[in-house]
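These notes are meant to be read beside the coordinates, point by point. Please keep the structure open while going through them.

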Amino acid sequence: MAGFTSEDVEYLRHGDRKIMARIFKPEGAGPFPCFINLHGGAWNNGDLADSTGLGEYLASRGVVMPSLNFRHGPDGYPTTLTDINYGIRWVKAHAKELKIDPNRVAIGGQSSGGHLAMLAAMRPKDPRYAAIPCQGCDDPSVRGVFMQWPVINPLSRYKHAKRLVAAGSPPAWAVGMDKKHETYWHTEAEMAEGNPILILERGEKVVMPPAVWLQGRPDLTHDYHDPDSNFPGNEPERFVSNYRQAGGDIEIAYFDNAARNTDVTHAPVYAFMQKHVK
């Protein structure tokens with residue numbers, strides 16, 4: 001394994017508010033492939049420290065990983081996608097100093113970050129998402145999407161948490177989850193609009209890069225059945241089925257959820273980069 005460095009840089013500013021990225025870079029001249037990472041946190045929490053293990057793992061193996069912060073929480077949808085779309089373009093525009101090949105850029109994330117990665121990849125030219133001009137950077141496309149236990153369906157997860165609370169003795173994660181969804185999404189209509197599962201089921205024309213869904217089990221937070229759907233399986237299987245039916249290339253892999261955020265979940269990201277972003 002090679003050495004690497006990490007540094008925090010400001011990639012975007014809203015007024016006096018700095019939006020930061022943490023860049024994990026291999027030693028050497030490059031150019032290297034690039035995996036843009038988006039942290040989780042139910043669209044309300046999380047920060048650059050959440051994916052340090054993954055960044056160090058990839059950078060020590062010759063992959064640059066910019067981990068992006070972004071507006072979230074009360075800033076509301078779709079501000080996060082606007083920042084991420086800009087972030088992808090910014091990374092490519094700064095390819096030389098980041099030591100990356102701008103033609104070998106993938107994206108991914110954990111939990112809500114996995115949802116955001118897929119949504120950004122599906123709608124690179126959405127005018128709401130591409131609203132921030134960027135001198136010399138106009139390509140928000142990515143070569144692949146690697147989702148780690150994503151909240152792919154904000155609307156079904158909102159209702160799932162509410163059902164668990166209403167039934168009594170809910171798991172800790174479900175308590176207050178409805179408020180987090182409401183803070184960011186505001187309405188169920190928005191949860192349905194920015195929703196990769198429902199986007200496919202509505203038949204929207206979207207971009208579908210090669211993708212992987214890596215899912216821990218047991219994981220009631222992300223691996224559950226939506227009773228409002230007539231699909232017989234859980235949400236991961238439902239999305240994978242929809243993606244394939246729409247012509248996309250996607251794989252799903254499972255692991256013991258106790259091994260989350262270890263080499264068990266880092267290694268498949270590297271394997272994905274080797275396969276799809278050579």
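**Notes on the predicted model**

1. The side chains of Asn69 and His39 make a polar contact of 3.2 Å, a polar contact being a pair of N or O atoms within 3.5 Å in which, within protein, one must be able to donate a hydrogen and the other to accept it, while residues adjacent in sequence count only if both atoms are side-chain atoms. Asn69 sits in the loop between strand 4 (65-68) and helix 2 (79-93), where helices (H or I, at least four residues) and strands (E, at least two) are DSSP runs numbered from the N terminus. Not counting residues up to four places away in sequence, Asn69 touches Tyr11, Ile19, Met20, His39, Asp47 and Leu48, contact meaning heavy atoms within 4.5 Å.

2. On the basis of these values: this is a predicted model, in which local features need pLDDT of at least 70 and side-chain atom pairs count only at pLDDT 80 or more, whereas totals for chains, interfaces and linings use all residues. Residues are numbered from 1 along each chain as its sequence is written, and side-chain values use heavy atoms, with hydrogens and water left out.

3. As to the overall fold, the chain contains 10 helices and eight strands. Its radius of gyration is 18 Å, close to the 19 Å that the globule rule gives for 278 residues, so the chain is as compact as a globular protein of that length; the radius is taken over C-alpha atoms, and the rule is 2.2 Å times the number of residues to the power 0.38. The C-alpha trace spans about 55 × 40 × 35 Å along its principal axes. Of the 278 residues, 57% count as buried, that is, under 20% relative accessible area, with exposed meaning over 50% and partly exposed in between (1.4 Å probe, protein chains only). Among the contacts with a separation of 6 or more, 76% come from residues 24 or more positions apart.

4. Tyr129 lies in the loop between helix 4 (112-122) and strand 6 (145-148), and with a relative accessible area of 0% Tyr129 is buried. The side chain of Tyr129 is joined to that of Arg123 by a polar contact of 2.9 Å. Neighbours within four places in sequence aside, Tyr129 is in contact with Tyr77, Pro78, Leu81, Thr82, Asn85, Leu119 and Arg123. Two of these partners, Tyr77 and Pro78, are linked by a cis peptide bond with omega near 5°, and Pro78 belongs to the loop between strand 4 and helix 2.

5. A cis peptide bond also joins Gly30 and Pro31, with omega of about 0°. Pro31 is placed in the loop between strand 2 (17-26) and strand 3 (32-38).

6. Positive phi values deserve a look in the viewer. Trp149, in the loop between strand 6 and helix 5 (154-167), has phi near 40°, a positive value in a residue other than glycine, and at 2% relative accessibility Trp149 counts as buried. His186, in the loop between helix 6 (177-185) and helix 7 (188-193), has phi near 75° and is partly exposed, with a relative accessible area of 47%.

7. Which residues line the largest pocket? The lining consists of Gly40, Gly41, Asp50, Ser51, Gln110, Ser111, Trp149, His222, Arg260 and Asn261, and the pocket has a volume of about 160 Å³. On a 1 Å grid over the protein atoms alone, a pocket is an open set of points with protein on both sides within 12 Å along at least five of seven lines, a cavity is a set where a 1.4 Å probe fits but cannot get out, and lining residues have an atom within 4 Å of a point. By class the pocket lining has one nonpolar, seven polar and two charged residues (Ala, Val, Leu, Ile, Met, Phe, Trp, Tyr, Cys and Pro are nonpolar, Asp, Glu, Lys and Arg charged, and the others, Gly among them, polar).

8. There is one cavity of 30 Å³ or more, and about 40 Å³ of space lies in the largest cavity, a volume being the space filled by probe spheres set on grid points joined across faces, edges and corners. Its lining includes Pro150, Val151, Arg157, His222 and Glu235, and divides into five nonpolar, three polar and two charged residues. His222 also lines the largest pocket.

9. His266, in helix 10 (residues 263-276), is buried at a relative accessible area of 6%. Leaving aside neighbours within four places in sequence, His266 is in contact with Gly53, Leu54, Tyr57 and Asn261, and Asn261 is one of the residues that line the largest pocket.
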